[in-house]
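Have the viewer open while you read.

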Amino acid sequence: MRSRPPGLSSRERQPGRPAAPAPSCARSRRRFAAAGLTLLAATAWPAVARAEFTVCNQTLDVVNLSVGQKVDGSFQTDGWWTVGVNQCVNVIREELTNRYVYIYATDAFGHAILSGSTDMCVDKRRFTIRGIEECWQRGHIAARFYEVDTQAQIRWTFFLTGRAP
C-alpha cells in the first residue's frame, strides 16, 4: 500500500498524477451532461406539429358543441363536447383537410346559441352521423350549423363569444 505524503488529502493532486474529481462532483457532471444532451435532442429534432380544429368558449355559459365536416366524400357530424366557460376543446385532432368546418352549439337547456344556415343532423346523446339528408326520417334531429371558413389552414381556433360572429 502506498502512503500519502504528509499534508495532502486523498482528493488533492499529487505531482505527476492527474486529479480525480470528487465523487459528488463527477455525479454532478454526468447529470449536467445528460441534461444537456436531453435539451440538445429536444431542440435539434423538431416536434411533430399537431393540426387541429379547436373551439374556445368565451361566453358566460357552459356550451354543448357539435361539429360537422366532409369525411370520405360525404358529410359527417359528431357530438357532443361540453365546453366550460373560458375553456377550449379540440374537436378535430388530425390535420384539417376541408376548408369549411361546421359547428352547432347549445346552452345547458338545449337552446341554440350558435346556429347557421347549413342543415345537418344531431342526436340527443353522443353521436356520429353520416349524411345530412332526411334527419327526421332517420331518427335524428335537424340543426342549423354555422359554417366556419378555415381558409384552407391545417390548424384553426374558433372563439365562441355569444355574439354573432
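## Strand S9 and its partners

Cys121 has Ala142 as its bridge partner in strand S9. Strands here, like helices, are DSSP runs numbered from the N terminus (E, at least two residues, for strands; H or I, at least four, for helices). The strands behind that bridge are S7 (residues 118-122) and S9 (141-149), and they pair antiparallel over five bridges. Pairing takes at least two DSSP bridges between two strands.

S9 also pairs with strand S5 (residues 100-106), again antiparallel, this time over four bridges. Look for Tyr102 if you want to see one of these contacts: its partner in S9 is Glu147. As background, strands of a sheet pair through backbone hydrogen bonds, either parallel or antiparallel.

## A word on the model

This is a predicted model, so local features need pLDDT of at least 70 and side-chain atom pairs count only at pLDDT 80 or more, while totals for chains, interfaces and linings use all residues. Residues are numbered from 1 along each chain as its sequence is written, and side-chain values use heavy atoms, with hydrogens and water left out.

## The Cys121-Cys135 link

Back to Cys121: this residue forms a disulfide with Cys135, the sulfur atoms sitting 1.9 Å apart (a disulfide being a pair of cysteine sulfur atoms within 2.5 Å). The torsion about the S-S bond is about -85°, so this one is left-handed. Cys121 belongs to S7 and Cys135 to the loop between strand S8 (127-130) and S9, so the bond ties together parts 14 residues apart in sequence.

Are these two cysteines buried or exposed? Both Cys121 and Cys135 are buried, where buried means under 20% relative accessible area, exposed over 50%, and partly exposed in between (1.4 Å probe, protein chains only).

## The other disulfide

Searching the whole structure turns up two disulfides. Besides the pair above, Cys56 is joined to Cys88, with 2.0 Å from S to S. This link is right-handed, at 105° about the S-S bond. It connects distant parts of the chain, as Cys56 in strand S1 and Cys88 in strand S4 are 32 residues apart.

Counting bonded cysteines along the chain, the disulfide pattern is 1-2, 3-4.

## The three-stranded sheet

S1 and S4 also show up in an open sheet of three strands, ordered S4-S1-S10, with mixed pairing. Strand S4 (87-92) and strand S10 (156-160) stand at the edges with a single partner strand each, so one side of each has no neighbour in the sheet. Neighbouring strands are turned by 25° against each other on average, direction ignored; axes are lines fitted to C-alpha atoms (for helices over the stretch in contact), and angles run from 0 to 180 degrees between N-to-C directions.

S1 (residues 53-57) and S10 run parallel, joined by five bridges. In one of these contacts, Val55 has Phe158 of S10 as its bridge partner.

Which peptide bond is cis? The one from Gly79 to Trp80, with omega near 0°. Trp80 lies in strand S3 (residues 74-83).

Two non-glycine residues have positive phi. Asp72 has phi near 50°, lies in the loop between strand S2 (63-71) and S3, and is exposed at 75% relative accessibility. Glu134 also has phi near 50°; it sits in the loop between S8 and S9 and is exposed, with a relative accessible area of 51%.
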